[in-house]
Structure formats: C-alpha cells, structure tokens
Amino acid sequence: MTNRTDEDSASAAEAPSGHETLAAGIGMAAAVLFILSPWLVDRSGPDPFYKGPLIFPMIVLAGTALSAVPAILRLLCHRVGLPFHVDGNGFPGRAAALFVLMCLYPLGISAIGLSAATFLAVLIGLLMVYRRPWQSVAIAAIMTLTVHLAFKTFLDIWFPAPWLFEMIGA
C-alpha cells in the first residue's frame with residue numbers, strides 16, 4: 001500500500017495521463033477519418049451503400065471515435081485523477097494484444113471465412129480479458145450468429161470463398 005500525499009494527488013489530478021491523451025488522439029483521428037471517408041474511398045459501382053467498400057471502415061471508425069469520448073471528456077474537464085493504466089503495469093498489454101488480434105481479423109476472414117474468423121477472434125479476445133471459458137464460448141457463438149445474420153443474411157453482403165478451404169479442396 002502506498003502513502004500518497006495531498007500534493008501527489010493534486011499534481012496527478014492536474015496533469016492528464018498519457019493514456020488519456022493517446023486515447024483522445026486516436027479517437028479524434030478516427031473521427032476525422034470517419035468524416036473524410038466518403039472522399040477517401042472509391043464508391044463508384046452498382047452496389048448500394050451498405051454493400052459498398054465504405055461500410056466496414058465507417059463502422060470501425062465510428063466505434064473507435066465513440067470509445068474515445070470518455071477520455072476526451074476527462075481531458076476537457078481536467079478530472080483525470082490518479083493515473084489510468086489498462087492493466088496496472090503502465091503499458092496497456094491486453095489492449096495492444098487485442099489491437100493485433102483485430103488487425104489479424106480481416107486476414108482470418110479471407111483465410112477461413114467470416115463466421116469462423118468472427119468466432120475465433122471474439123473467443124480469443126474474450127479469453128484474453130474475461131477468462132471464463134464457457135461464457136466466452138457462448139458469447140462468441142452469439143456474436144458469430146449476430147454478425148452472420150447481419151452481414152450475410154439481412155444485408156446480403158458477398159464475401160469471397162475462404163482461400164484456405166479452396167487450397168484443401170473443401
């Protein structure tokens with residue numbers, strides 16, 4: 001247990017945390033890209049908006065910008081309080097691992113398909129942060145079903161055949 005003085009608490013409350021600043025910066029960059037995305041992505045083609053190449057970047061950028069709102073509000077209100085650490089060690093290791101997992105997710109979609117990649121990504125992500133195997137499997141299955149119904153069934157978005165299955169002839 002550490003003994004913090006009132007001066008330590010006051011100085012910590014005055015200076016924004018590096019994590020808060022980073023989260024706010026990423027969120028604002030995502031918001032700018034979200035606003036500019038119609039001009040950054042070629043939308044020519046016969047497909048409607050929800051089947052075009054702009055839908056996935058807009059979903060990700062909107063989620064990123066919205067998730068940064070609490071950090072932005074804390075920075076604006078100067079109520080940072082004690083330094084914020086995602087995993088308590090000063091470096092957000094789990095968050096970095098989740099970021100890498102989400103960067104690999106599109107490769108998984110092209111390799112093993114939307115449903116299998118979604119199930120694995122959600123399951124691995126939940127096991128990294130939640131660590132309750134049976135609940136993680138159930139949540140991953142529900143998320144996979146939701147994503148499949150939303151994108152393949154209701155929106156009728158075409159996904160290419162997984163190249164890994166084509167290679168083994170399945």
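Predicted model: local features only at pLDDT ≥ 70, side-chain atom pairs only at ≥ 80, totals over all residues.
## Overall make-up

The secondary structure of the protein consists of eight helices and zero strands, and reading along the sequence gives the pattern α-α-α-α-α-α-α-α. Of the 170 residues in the protein, 24% count as buried. When contacts between residues at least 6 apart in sequence are considered, 64% of them join residues at least 24 apart.

## Helices α2 and α3

Two packed helices are described by the angle between their axes and the distance between the axes. For helix α2, which covers residues 18-40, and α3, the axes come within 8 Å and cross at roughly 145°, and the crossing in which α2 passes α3 is left-handed. On the side of α2 the contact is made by Ile26, Gly27, Ala30, Ala31, Leu33, Phe34 and Ser37, while α3 contributes Met58, Leu61, Ala62, Thr64 and Ala65.

## Helices α6 and α7

The axes of α6 and α7 lie 8 Å apart, and the two helices pack at an angle of about 145°; here α6 passes α7 in a right-handed crossing. From α6 the contact draws on Leu114, Ser115, Thr118, Phe119, Val122, Leu123, Leu126 and Leu127, and among the residues it draws on from α7 are Pro133, Ser136, Val137, Ala140, Thr144, Phe151 and Lys152. The residues of the contact of α6 with α7 divide into 14 nonpolar, five polar and one charged.

## The largest pocket

The largest pocket holds about 1,600 Å³ of space. It is lined by 45 residues, of which Val60, Thr64, Leu98, Phe99 and Met102 are the closest to its centre. Thr64 also belongs to the contact of α2 with α3, on the side of α3.

Two or more residues of the lining come from each of α2, α3, α4 (69-77), α5 (93-112), α6 (114-129) and α7, and the largest share, ten residues, is given by α5.

Ser136 has its place in helix α7, which spans residues 133-154, and with a relative accessible area of 0% Ser136 is buried, because buried means under 20%. Not counting residues up to four places away in sequence, Ser136 touches Leu123, Leu126, Leu127 and Tyr130. Leu123, Leu126 and Leu127 are also listed among the residues of α6 that make the contact with α7.

Phe56 is found in helix α3, residues 55-67, and at 34% relative accessibility Phe56 counts as partly exposed. Leaving aside its neighbours within four places in sequence, Phe56 is in contact with Phe151 and Phe159. Val69, in helix α4, is likewise partly exposed, with a relative accessible area of 34%. The C-alpha atom of Val69 is separated by 8.8 Å from that of Ala23, although the two residues are 46 residues apart along the chain.

Note on methods. Residues numbered from 1 in each chain as written. Heavy atoms only, no water. Helix = DSSP H or I, 4+ residues; strand = E, 2+ residues; numbered from the N terminus. Buried < 20%, exposed > 50% of the residue type's maximum accessible area, 1.4 Å probe, protein only. Contact = heavy atoms within 4.5 Å. Axes fitted to C-alpha atoms, helices over the stretch in contact; angles between N-to-C directions. Left-handed = near helix turned anticlockwise from the far one by under 90°. 1 Å grid on protein atoms, 1.4 Å probe; cavity = no way out; pocket = protein on both sides within 12 Å on 5 of 7 lines; lining within 4 Å. Points joined across faces, edges and corners; volume = space filled by probe spheres on them. Nonpolar A, V, L, I, M, F, W, Y, C, P; charged D, E, K, R; others polar.
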